[in-house]
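Have the structure open as you read.

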Amino acid sequence: MNPLCCIAPVSVDYAADHHHHHQPRSVAAATLSATPEAAPPQTTPPVVSGVLHKWVNYGKGWRSRWFVLEDGVLSYYKLRDGGGESGESSASTAAARVIGEGDALRRAREDAAAAGKQWKPFGDIHLKVSSIRASRSDDKRLYIFSGTKTLHLRCETEEDRNAWLEALLVAKDRFPRSLMTNDFAPVADIMLSTEKLRMRLLHEGLNETVVNECESIMMTELLELHNQIKSQQQQHSVLVDRLRQLETEKVELERTVVHETKEREAHGYVNGRYSDFYSVLSGGSASESDPDTASQVADAESEDEVTYFDTRDFLSVESLRSASRRRELVTNGCNALESIGDSRSYTAKFTKYPIVERRDKLPEPKEKEKPIGLWSIIKENIGKDLSGVCLPVYFNEPLSSLQKCFEDLEYSYLVDNALQWGKQGDSLMRTLLVAAFAVSSYASTEGRQCKPFNPLLGETYEADYPDKGLRFFSEKVSHHPVVVACHCDGRGWKFWGDSNLRGKFWGRSIQLDPIGVLTLQFDDGEKFQWSKVTTSIYNIIIGKIYCDHYGTMHIKGSSRYSCKLKFKELSIIDRNPHQVQGFVQDNRTGEKVAMLIGKWDEAMYYVLGDPSAKPKWYDPMSEAVLLWERDKSLNQTRYNLSPFAISLNELPPHMLTMLPPTDSRLRPDQRHLENGEYEKANSEKLRLEQLQRQARRLQEKGWQPRWFRKDEDDSYCYLGGYWEAREKGNWDGIPHIFGQSSALTGFV
């Protein structure tokens, strides 16, 4: 039946419905009316319906919904923006009571007439297992807590709210009478008589044998029916007992929540969050924070969008301190591994790497930077492939995409630690650390407003970092499409992959979609593979430029565990950006064995077990352990490079004779930009782009990369031989792709 077919143009009349009340009653009066004395059990409560405003989320705010209260169940329906032809049905008008009036109610009727019988409820709440409360700060609001979600509702007037409270409380009290009382008395064994049937059959002239058979058939059927009734009654009793048990547990649960909430409020918190956070949202002071306002922030139901874990809820200052005290491995150079939270306790010695002095700042600029209008450049390139757009050097940072690949390995100590955990037989900790490593590669992108240089075809980059136990090498292996391949040897593990970034201008933003697979393999044979998520750069015309990463990252493990991480996309009203959450899953059973929460620009934490299966008020950060924390030391330049990134383009004099002529450090436009020689950098960039236009023709003629080859999976694998050639200084056959073999001698 359509939920609005019983609507009649009836307004709320307290005198008609309750002749002993002539004025709208307060909340307290509505509560008293829900007693058994005010609601005779033999009377069926009428269907109550009307329009209420329901809180959805901060993006959508309050939305009108049509609510119907019937048989102890409150259902709500979506209202369309436009209605159909106005129409009403007078069916069952005597059994209906409508609360409210005005345009919202009229539009609801039109929606019902247009939808007909196809209008289905969007959600429902069973009042028997729900709590109904009125707001203390707003006389038009109420909320209903079902144990799994909270409905925040707002009426048009205080009288409407009182009417709804009365109806809901009465329904909540009357509803259990049909379930919680034994309306069905025990079915005793009964005596059945077939005398009348026997007389009738004999009167029809049937013989004794046929009459006996008829009696036997009837008795068999009746006894079967009797047994079915007894079985149904037993099932009913079991369900009632279970419902009583659940109700008792729910009451105890509510008492516990109220007690814990009061304790937290006494310490300046509301539901584990700072009360002044809510004062900002509600427009009041921290001391005036209303519990239901706090609950709105905590439990507001998002019915139209995918809900992400609100990581900020768990990353309070106290929780972070507690998690930091329980951290297992957060910095390189730790001498022992400890497992917190269970009975495992291992000791694993780490390799101590030598200390290497590296530069900690860029050279002072030799020229004053000239501003340039970006809109004049990009307005002709909207929708085009980003790799084909020529931008002045002012929009670059003094690093190439090849060097950016190595920057992803800044927190390689996480992989070193994962290696040691695996050696101790703890595959779960290894997976958690690999997941933290995958997230840490995005940390350096925060605050970086310039793009790296696009490498020339055949351009290479090496990074020999004994202080991190790494030997890294990368090469641009394709120009159309642009593909960069890399390979890194660690102490006990290897990392390799290739990446093809598909970038496009969208007027005010740039979207970068990575294509390619990254692989991490340990010497014991365990392998992890994943792909990067989408990156977008915003406000490239007006406003402060910023980037965001969003999407789902699947880290597939070849052994026991895999991981799934969700990077939440930033929204305009988001007060808590850069969230990442995920789970580690057992490949054999599908069971979630650990949870990961944090932010890609700050830190990542883990919690053993599956917190989603725990009670609603459970705070994961109470048991969280810090996996990784970002090094927040930044050099005060316009590039916002980390100390590690500053070292990537360093070119000591002794390396000039060691590097191949294809290394990114020898690229003249990039070197001029680092030195602050902007005019020279721009002219060199234009010259190299002219040379690069020949790259496509070279590739079409069968050009092949020197150090990588495509495998059967259409990905690039390292052939080997680079470091051997470097030791011998043998670069025969390596072209001088930058065209100036001696122009860099004055740069260092």
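## Salt bridges

This is a predicted model, and its structure holds 25 salt bridges. One of them joins E204 to R200, with the closest N and O atoms 2.2 Å apart. R200 is partly exposed there, at a relative accessible area of 47%.

Another salt bridge brings R358 and D467 together at 3.0 Å, N to O. That pair links distant parts of the chain: R358 sits in the loop between α10 (317–325) and α11 (375–378), while D467 sits in the loop between β13 (460–465) and β14, 109 residues apart. R358 has a relative accessible area of 26%, so it is partly exposed.

D408 and K532 make a salt bridge too, and here the closest N and O atoms are 2.6 Å apart. Again the pair links distant parts of the chain, 124 residues apart: D408 comes from the loop between α12 (401–407) and α13 (413–423), and K532 from the loop between β19 (527–530) and β20 (534–538). Are the two partners buried or partly exposed? D408 has 18% relative accessibility and the cut-off for buried is under 20%, so D408 counts as buried. K532, at 25%, counts as partly exposed. Elsewhere, E397, K404, E407 and R448 are linked in a network of salt bridges.

## A buried glutamate on its own

Now for a charged residue without a salt bridge. E475 is found in strand β14, which covers residues 470–478. E475 is buried, and the nearest side chain of opposite charge, R709, is 6.8 Å away. A salt bridge needs the nitrogen and the carboxyl oxygen within 4 Å, so that distance rules one out.

What does the side chain of E475 reach instead? It gets to the backbone nitrogen of W707, at 3.1 Å. Leaving aside neighbours within four places in sequence, E475 also has contacts with residues including L402, G458, T460 and V484, as well as P705, R706, W707 and F708.

## The nonpolar cores

The largest nonpolar core has 71 residues. Which of them have the most contacts inside it? Those are F406, F495, W530, I555, L565 and L596. Helix α14 (residues 427–440) gives the most to this core, with ten residues. Apart from this core lies another one of 22 residues, among them V48, C155, L165 and L168.

L565 is worth a click. Beyond its neighbours within four places in sequence, L565 is in contact with A435, V439, G551, T552, M553, I555, V580, Q581, G582 and L596. V625 belongs to strand β26 (residues 625–629), and at 2% relative accessibility it counts as buried.

## Aromatic pairs

The count of aromatic pairs comes to 25. One of them is F437 with W530, an edge-to-face pair with 6.3 Å centre to centre and 85 degrees between the planes. F437 lies in helix α14 and W530 in strand β19, so this pair ties together parts that are 93 residues apart in sequence. Both F437 and W530 are buried.

W530 has another ring partner in F495: the centres are 6.2 Å apart and the planes are at 40 degrees, so this pair is tilted. F495 lies in strand β16 (residues 493–505) and W530 in strand β19, so the parts tied together here are 35 residues apart in sequence. F495 counts as buried at 4% relative accessibility, and W530 counts as buried at 3%.

There is a ring cluster to look for as well: ring pairs link F473, W707, F708, Y718, Y722, W723 and W731.

## The whole chain

Stepping back, the chain has 19 helices and 28 strands. Buried residues make up 47% of its 748 residues. Of the contacts with a separation of 6 or more, 64% come from residues 24 or more positions apart.

Terms used: Residues numbered from 1 in each chain as written. Predicted model: local features only at pLDDT ≥ 70, side-chain atom pairs only at ≥ 80, totals over all residues. Heavy atoms only, no water. Helix = DSSP H or I, 4+ residues; strand = E, 2+ residues; numbered from the N terminus. Buried < 20%, exposed > 50% of the residue type's maximum accessible area, 1.4 Å probe, protein only. Lys, Arg positive; Asp, Glu negative; His and termini not counted. Polar contact = N/O pair within 3.5 Å; in protein donor to acceptor, adjacent residues only side chain to side chain. Contact = heavy atoms within 4.5 Å. Core = buried A, V, L, I, M, F, W, Y, C linked by side-chain atoms within 4.5 Å. Phe/Tyr/Trp six-rings, centres within 6.5 Å; stacked < 30°, edge-to-face > 60°.
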